[in-house]
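Notebook open, structure loaded. I'm jotting things down as I look them up.

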Amino acid sequence: MWQWVIEGGGIVVELALLLRGLRTRLFRRYYFFYTYIGSVILGSAVLMTILLKMPGLYSKSYWPVQLITLVTGYGILLEILNQVLAPYPGAERFARLSGLAAFAAIFCFALIAPFLMPRWSPGSVIEFERDLRSVQALFIFGLLALIFYYAIPIGRNMKGMVFGYGLYILTSLVSLAVRSYAGPSFLRVWSVAQPLSLDVSLMIWLIALWSYCPNPVPDPTIHLEEDYEALVTRTKSVIGHIRTYLGKAARA
Amino acid sequence: MIQLIFFLSIGALLFASLFFLARRNPRPEGSSGALIEARQALVALQAGLLPVELVQRIFANEDWEFVRSEAPAKVRELFMEERKKVALLWVEQVRTQIRSLRRFHSGSARSYARLNPRLEMELALSFAWLMSACRLLQVVVYIGGPYAAPRLVGAMANAASRACKISEQSLAFLNAAQLGLLSSGSTGQAAS
């Protein structure tokens, strides 16, 4: 019964989010995000149909659908990169390099995984998803660290997008890790926690993306009359002197 | 079990960053306001916080020697408490102003397309180390009193003075005329 309510509620919010996106034309601005939402709606519809018509196939169908949405979920990260960091070429370069490294790690892992796990059992699939979620979690953590360090302001739309997806990844990662450790005994909690966290994220997105709220743009009138190398050299010099003094003091 | 702890730790990192995101109040780094703030931080450090006379006065051992020899126990206690408060406030102020200079660097660097991630990582770690050193001094003063680490205080003041001199070069482009323009601009923005 609870599973029905959670799954059904999720589809209603997903549809509301998509309709609102169409009405406000936000889907044109956040193309990757709405592609992800579309894939989630499609996945939920497929799973609901299977649950109604062929309940025995549900557990077997769950993982392929989950993996597809997991891959399209990377579109959200791409969206955040494009939208938030575009006015900051330096920070964007940093994030892109980290992102490329994360994607390379994922694809290498995906290529190697079939050789490491030739026989796919439910347990190995859970561990596979857990590993992919942990890469996403680290990516979001890195992205947020960059946003905090460079004090990049973000608008309501992007904040909601990051927060909602981060919350979903967090719940998925923790529940998958505990599920993998505790075994089938955790299945009941997990089967509720996973879709429920998606519903919460969908609600956050619905509120955050109700209307268009652009990211604050940096002040274009201020330009430093020096290049990056000069800035870094000076800052390194400042830190070097401070470290030398404090090092001497600590040894004294 | 180790695997579980590992993945839960990643979850904890993500949770902490989401928590800070929810509580975050973005500041206009790299804007005219931030440049003025960096300039003000420099002036505050050079003119208000780091002059040798001021540092020597706050941490002067002679004052304590005098109070200890002349005043009753209650006055000695009160003196120590008050001096400790002043010392802690001084370290906090220095730390705040250095943080403002760090913000200036990050606010400027983020716009450079040729930003070097490795160098930025180095700088971020160095700033973190420096801020931790200030925090350590706060702990030492809090636990041991204002006279616990005289050499550390002197070294920190010297180091911060040196930092100011170099930061001043970074902010040299912001001459008085431009500063005036920016100040009026930011005032206008605030009023609107």
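This is a predicted model: local features need pLDDT of at least 70, side-chain atom pairs count only at pLDDT 80 or more; totals for chains, interfaces and linings use all residues.

I checked burial in chain B first: 33% of its 192 residues count as buried. Buried needs 20 or more other C-beta atoms within 10 Å of a residue's own, exposed means 12 or fewer, and partly exposed is in between, with C-beta atoms placed from the backbone.

Residues are numbered from 1 along each chain as its sequence is written, while chains are lettered from A and ligands numbered from 1 in the order in which they are written.

Next I looked at secondary structure, and chain B has eight helices and zero strands. Both are DSSP runs numbered from the N terminus: helices are H or I, at least four residues, and strands are E, at least two.

Then I went for the cores (buried Ala, Val, Leu, Ile, Met, Phe, Trp, Tyr and Cys residues joined through C-beta atoms within 7 Å). The largest nonpolar core has 49 residues, and Ile80(A) and Leu173(A) have the most contacts inside it. α7(A) gives the most to this core, eleven residues. Apart from it I found another core of 14 residues, including Phe59(B) and Leu130(B).

Last, the loop between α4 and α5 of chain A, where Ala86(A) lies. Is Ala86(A) buried or exposed? Ala86(A) counts as exposed because it has 12 C-beta neighbours inside 10 Å. C-alpha to C-alpha, Ala86(A) is 9.9 Å from Val217(A), though they are 131 residues apart in sequence.
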